[in-house]
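Here is a friendly walk through one protein model, feature by feature. Keep the viewer open and follow along.

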Amino acid sequence: LILEVDSQARDTTLTPADALEQKEAIFAKLEAAAVAVNTGHALSQGYACTSLNLARTLSADAAHLTPVLVDRLLDHVGLLVGDEHATVASLSPACAASALAVIAHALRATASHNRTAGALAAVVTRFEAGMVATLRETAAGLIAGQAGEMGQAWNVSVASVARHTLAGRAWASAALPIDANAPRDHQVGYVLPTSFASDANLTDADVTVLLAAFPSPPAFGDITPLAPIVTLLLEQKGAHVPVQGLPLAARIRVTIPLSPAHRATRGMCVYVAGGSLSSSGVSTEENDDGSVTCLTTHLTSFTVVPRGAVQDDGSPAPAGGGSPSTATPSPPPPTIVASPGTADEQEEEEEDSSGDATLPATYVEMAVRLPLSLLDFTSEKQNGFRQGVASVADVTLDEVAITAVREVAARRFSANSRRLLASSVEVDFWVAASSLANAQRIAAKLDVASLNTALAAQDLPAAEIVRAASVQGGSQSGGEDSGGLA
């Protein structure tokens with residue numbers, strides 16, 4: 001039916017509007033059936049793969065995808081790949097390729113929709129969720145030393161999921177051609193520093209890696225990327241590898257080729273932060289072969305834009321030039337768990353909401369636990385968390401910085417299940433103070449009742465204090481004598 005609609009659209013038997021209406025009707029049946037199967041705990045690998053393959057075919061023509069249909073397609077992928085009830089043992093590479101193709105089709109269609117930043121952020125969140133869920137479900141079917149190559153997925157994405165032993169270090173680098181006949185200068189790749197295993201506190205367990213490239217990225221406001229969006233995710237035991245904020249001895253290197261039409265353009269590396277781009281914490285090396293290498297301290301989705309197009313705080317550069325903004329950088333988005341997933345449960349999710357914010361001379365530091373997964377603790381909720389803290393401390397948002405986010409206390413469907421039922425994140429943060437006395441006043445305000453009232457106003461769950469507020473800097477370090485609270 002889908003192919004017949006495409007055929008009639010090509011020979012103008014169907015108008016574009018009629019073709020869209022037909023595809024929406026077909027997808028509505030596909031969508032409703034998947035929901036019913038999932039609700040009945042009857043989702044299987046065969047059903048998920050067949051449904052994903054149909055969604056891939058249905059979404060192939062960007063002209064037939066409205067913004068609403070894009071959102072529904074991405075939710076459909078999240079439902080099938082997320083495997084809410086842990087009834088699917090794993091996904092085959094071919095099945096994963098269909099999932100990634102739908103995600104890539106959605107990105108390509110979004111490129112023509114001119115969405116607002118908020119709407120684009122929602123698409124990116126689903127994109128990241130699909131990435132993480134696909135990584136987990138595919139890796140579950142691999143043995144150490146095996147890679148699930150997804151090759152050129154219908155000319156819209158290329159990806160590989162691999163599982164390696166820690167000792168073998170095959171996980172530390174990889175390269176992937178953008179297409180089957182790509183020369184060496186048209187490959188994406190990454191290299192992790194030699195000390196990464198110890199710097200990131202990797203355990204003696206298999207490491208799974210997803211490396212994916214999407215050659216048709218959407219525009220972010222007025223900024224059009226010069227290169228594919230490249231996603232790099234690492235996990236151990238079904239959970240993201242925390243990287244953001246760790247004292248890495250050397251930076252992670254991600255190499256991205258510029259699109260052929262932009263080889264002569266000077267580019268800069270940025271990462272995708274919701275519906276915007278940020279260069280905070282990322283530097284650029286230009287290579288002679290028409291590619292750039294992004295030097296970074298976190299794992300997420302990267303791309304390349306014209307040099308100077310993005311300031312360090314993630315805002316577009318002023319049209320007439322100008323000095324960089326001094327605002328606190330936006331955090332990299334949490335990369336999403338498998339529920340439909342955020343990549344930093346993901347992967348980037350331990351990301352630092354303050355970016356590379358400079359530690360003030362005097363400040364109050366604290367740690368709390370929230371009953372959220374890394375998937376759920378999105379960049380929007382991180383900003384809401386900072387806003388809640390700022391309101392309690394009576395400071396501006398820029399004076400609150402998240403320094404680390406860690407997933408803890410994960411509970412799964414069964415001992416061998418990959419399905420996450422419940423988890424918590426621990427959030428380390430600081431609040432800048434103008435003086436020691438001011439810091440002591442801030443620490444005294446940060447009691448659990450006041451904090452939870454403020455978090456509730458931001459639609460966040462109640463927090464549990466892990467490390468009491470303590471004053472640092474000035475003429476003394478805090479603790480209970482300087483305003484620390486149990």
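A34 sits in helix α2, which covers residues 16–39; helices (H or I, at least four residues) and strands (E, at least two) are DSSP runs, numbered from the N terminus. With 0% relative accessibility, A34 counts as buried. Here buried means under 20% relative accessible area, exposed over 50%, and partly exposed in between, using a 1.4 Å probe and protein chains only.

What does A34 touch, leaving aside its neighbours within four places in sequence? A34 is in contact with Y47, H76, L79 and L80, where contact means heavy atoms within 4.5 Å. A34 and Y47 are 13 residues apart in sequence, and their C-alpha atoms are 8.5 Å apart in space.

## About the model

This is a predicted model, in which local features need pLDDT of at least 70 and side-chain atom pairs count only at pLDDT 80 or more, while totals for chains, interfaces and linings use all residues. Residues are numbered from 1 along each chain as its sequence is written, and side-chain values use heavy atoms, with hydrogens and water left out.

## The chain as a whole

The protein chain has ten helices and 17 strands. Of its 486 residues, 54% count as buried. Among contacts in the protein chain with a separation of 6 or more, 72% come from residues 24 or more positions apart.

## Helices α1 and α3

Helix α1 (residues 2–10) packs with helix α3 (residues 45–58) at an angle of about 5°, and their axes are 9 Å apart. Axes are lines fitted to C-alpha atoms, for helices over the stretch in contact, and angles run from 0 to 180 degrees between N-to-C directions. The two helices are therefore roughly parallel to each other; angles under 35 degrees count as roughly parallel, over 145 as roughly antiparallel, 65 to 115 as roughly perpendicular and the rest as oblique.

On the α1 side, I2, L3 and D6 meet L54, T57 and L58 of α3. The residues of this contact divide into four nonpolar, one polar and one charged. For these classes, Ala, Val, Leu, Ile, Met, Phe, Trp, Tyr, Cys and Pro count as nonpolar, Asp, Glu, Lys and Arg as charged, and the others, Gly among them, as polar.

## Helix α5 and its partners

How do α3 and α5 cross, and within what distance do their axes come? The axes come within 8 Å and cross at roughly 35°, and the crossing is left-handed. A crossing is left-handed if the near helix is turned anticlockwise from the far one by less than a right angle, and right-handed if clockwise. From α3, A48, C49, L52, N53, A55 and R56 meet C95, S98, A99, A101, V102 and H105 of α5. By class, this contact has eight nonpolar, three polar and one charged residues.

Helix α5 (residues 93–110) also packs with helix α6 (residues 117–139), at an angle of about 170° and with axes 10 Å apart. That angle makes α5 roughly antiparallel to α6, and α5 passes α6 in a left-handed crossing. The contact involves A96, A99, L100, I103, L107 and T110 of α5, together with L120, V123, F127, G130, M131, T134 and T138 of α6. The residues of this contact are nine nonpolar, four polar and no charged.

## A cluster of rings

The structure holds five aromatic pairs. Rings of Phe, Tyr and Trp (its six-membered ring) pair if their centres lie within 6.5 Å; planes under 30 degrees apart count as stacked, over 60 as edge-to-face and the rest as tilted. One of the pairs is F377 with F385, edge-to-face at 6.3 Å centre to centre, with 85° between the planes. F377 counts as buried at 0% relative accessibility.

F385 also pairs edge-to-face with F429, at 5.3 Å centre to centre and 80° between the planes. This pair links distant parts of the chain, 44 residues apart: F385 is in helix α8 (residues 379–393) and F429 in strand β16 (residues 420–432). Both F385 and F429 are buried. Ring pairs link F377, F385 and F429 into a cluster.

## Two loop residues with positive phi

T12 lies in the loop between α1 and α2. Its phi is positive, about 65°, although T12 is not a glycine. At 63% relative accessibility, T12 counts as exposed.

A86 is placed in the loop between α4 (67–82) and α5. A86 is not a glycine either, yet has a positive phi of about 55°. At 29% relative accessibility, A86 counts as partly exposed.
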